[in-house]
Amino acid sequence: MTKDVEMKEVELNELEEKQPMTGDGSAEKNGSVKIKVPDSSEVKFTGLSKDELMRVAGTAGWIRTRWLLLILFWLGWLGMLAGAIVIIIQAPRCKPLPEMNWWNEGPLYQIRDVEAFAGAKGLAGVEEKLDSLNQLKVKGLILGPLHTVQVNEPATLDLNTIDPSIGTLEELESLLDRAHKKGMSIVLDLTPNYESNVNEWFSGFADVADKLKAAAEYWTSKGLDGILLHSLDRVYPADPAQWEPLQAAFQVEMIEGAKKRALIGAADRLVIGETEELLNSTGIHLLLPSLNPSASGQSWASDIQSLYSSNPQTSLGWSLSRANVGHLATAVTPKQLRLYELMLFTLPGTPVFNYGDEIGLEDQGSITPKMVWDYEEPADENNATAKVLNAELNSRRDLFRQLSDLRGKERSLAHGDYVALHNGTSSLAYVRLWDQSERYLTALNWGSAAVTLKLTHKDLPAQAKVCVTTEPDQHAQEAMVELDALELGPGEALLLTYPFSG
């Protein structure tokens, strides 16, 4: 009996081992129970409940921790605020910008003979050339004289009428409108007896004072931006009372953003020391004093310093090629053209040029030279001479444009202080600086021999970078040069730059 029972238990165990598994992994076993253990990935942390958090947050340790973090936050914030205040207080204050008018913003460009500049189209031709002038960053055009007058006949003077051979009022108004859209101003030369070399004012200012006042009011009502009067030395010393009516014609209402009109004067034979009195007595806004291009470095240094120290630089104009004394390349020499252009663009005041100075146009005796325009077009490949000439003219124009661009955008050149550094028989050096802006140093040698300049000043570093050079073979652009032994070749000019150092 016992043996039979044991045999049945063995068979039952074997039967259990042979039972197949079902699809859900559980075995259909008699008398056995399967427990399913959940995956660890299915376990989720639910965190503390609100009641549990409230109980923990109210403990002494957490209360102290929160107060400590809050105090640290406010201490950090107050520290940053105090640091910002200290930085603002200790930081150097920016120098306030001087009052600038449109004639101080860039070069002025004189076109005395409209036909020579623009051909038979006259004023309409000038309008067609505005894009070219705009590329040169010209800020104002000085046109004419355009009025009619017979030489030495004051009764024939009509300052309100345009010579029909030059153009019409409608053409001038169209030119004015388009120029204004390009940011250029238009000034008329109203020198009364302009065809005379000795009696530009007939018998004196009183002869034309009323007509000048009426003409100024008429042309400014048409939108003109100013007038130019040559040969002011002929009416010097001036009676301030006689000039007051003319000055009144240039007053504009004190409206924010209102454009001021310019009363510009040129004095070809005035002693430098008399400029201040002339400016004060006539109310001239911009004066072009007489300058001698063949003067020595010492004379240049003396004249510049005298003009700069006794007059605001916003009232100073610099020109060696005024409309009635020829072109720059004739006043100096073609080789010195680039040197004097660099100097005129970097002096404290407004540079004023004659048409064609940008390409070195030369006078032809008593014949007014025609402006050259075809250099802007590609030369015939078979004409080697024309190719060389066009390359030279374009190179001169590129330098003019580069200097004009710098003059317009760099504060040190636009209205910076002038500091003399050196003057010699044929050499000159000075620096223009404004507040914390980039500094610009001009070094000139118009002599026939090389010179070495030893430049020293508290603002100068040991080296400066070449910004503009008239002799790329001597000094490459961007090269660094030593200022205590600056070598300049014959006829070479450099514009150097260095940063504000504190």
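Author: One term before we start: contact, or touching, means heavy atoms within 4.5 Å. Also, keep in mind that this is a predicted model.

Reader: Good. Which residues does Leu 229 touch, beyond those up to four places away in sequence?
Author: Its partners are Leu 190, Thr 191, Trp 201, Leu 212, Trp 243, Leu 246, Leu 263, Ile 264, Gly 265 and Ala 266.

Reader: Which residues touch the most other members of the largest nonpolar core?
Author: Phe 117, Leu 229, Leu 246 and Trp 300 do. That core has 101 residues. There is also a second, separate core of 19 residues. Val 419, Leu 455, Leu 460 and Tyr 498 are among its members.

Reader: Zoom out. How many helices and strands does the protein have?
Author: It has 15 helices and 18 strands. The protein has 502 residues, and 44% of them are buried.

Reader: What share of the contacts with a separation of 6 or more comes from residues 24 or more positions apart?
Author: That share is 69%.

Reader: What are the angle and the axis distance for helix 8 and helix 9?
Author: The angle is about 15 degrees, and the axes are 8 Å apart. So helix 8 is roughly parallel to helix 9, because angles under 35 degrees count that way. The crossing of helix 8 past helix 9 is left-handed.

Reader: Which residues meet there, between helix 8 and helix 9?
Author: Helix 8 brings Phe 205, Ala 206, Leu 212, Lys 213 and Ala 216. Helix 9 brings Gln 242, Trp 243, Pro 245 and Leu 246.

Reader: Switching to charges. How many salt bridges does the structure hold?
Author: It holds 15. Side chains of opposite charge can pair when their charged atoms come close.

Reader: Show me one. How far apart are the closest N and O atoms of Asp 131 and Lys 182?
Author: They are 2.5 Å apart, and the two residues form a salt bridge. Asp 131 lies in helix 6, while Lys 182 sits in the loop between helix 7 and strand 5, so the pair ties together parts 51 residues apart in sequence.

Reader: Which residue does Arg 234 pair with?
Author: Arg 234 forms a salt bridge with Glu 200, with the closest N and O atoms 3.3 Å apart. Arg 234 is in the loop between strand 6 and helix 9, and Glu 200 is in the loop between strand 5 and helix 8, 34 residues apart. Arg 234 is partly exposed at 36%. Glu 200 is buried at 6%.

Reader: And which residue pairs with Lys 259?
Author: That is Asp 225, with the closest N and O atoms 3.1 Å apart. Lys 259 is in the loop between helix 9 and strand 7, and Asp 225 is in the loop between helix 8 and strand 6. Lys 259 is partly exposed at 39%. Asp 225 is buried at 5%.

Reader: Which residues do salt bridges that share partners join into one network?
Author: Glu 200, Asp 233, Arg 234 and Arg 269.

Reader: New topic, the backbone. Which peptide bonds are cis?
Author: One of them runs from Gly 144 to Pro 145, with omega near 25 degrees. Pro 145 lies in the loop between strand 2 and strand 3. Another runs from Tyr 236 to Pro 237, with omega near 0 degrees. Pro 237 is in the loop between strand 6 and helix 9.

Reader: Which residues have a positive phi without being glycine?
Author: Asn 152 is one of them, at about 60 degrees. Asn 152 sits in the loop between strand 3 and strand 4. Asp 435 also has a positive phi, at about 45 degrees. Asp 435 is in the loop between strand 12 and strand 13.

Reader: Last one. What does Asp 158 contact, leaving aside neighbours within four places?
Author: His 147 and Thr 148. Asp 158 is in strand 4. Asp 158 and Thr 148 are 10 residues apart in sequence and 5.6 Å apart in space, C-alpha to C-alpha.

Terms used:
Residues are numbered from 1 along each chain as its sequence is written. This is a predicted model: local features need pLDDT of at least 70, side-chain atom pairs count only at pLDDT 80 or more; totals for chains, interfaces and linings use all residues. Side-chain values use heavy atoms; hydrogens and water are left out. A salt bridge is a side-chain nitrogen of Lys or Arg within 4 Å of a carboxyl oxygen of Asp or Glu. Helices (H or I, at least four residues) and strands (E, at least two) are DSSP runs, numbered from the N terminus. Buried means under 20% relative accessible area, exposed over 50%, partly exposed in between (1.4 Å probe, protein chains only). A nonpolar core is a set of buried Ala, Val, Leu, Ile, Met, Phe, Trp, Tyr and Cys residues joined through side-chain atoms within 4.5 Å. Axes are lines fitted to C-alpha atoms, for helices over the stretch in contact, and angles run from 0 to 180 degrees between N-to-C directions. Angles under 35 degrees count as roughly parallel, over 145 as roughly antiparallel, 65 to 115 as roughly perpendicular and the rest as oblique. A crossing is left-handed if the near helix is turned anticlockwise from the far one by less than a right angle, and right-handed if clockwise.
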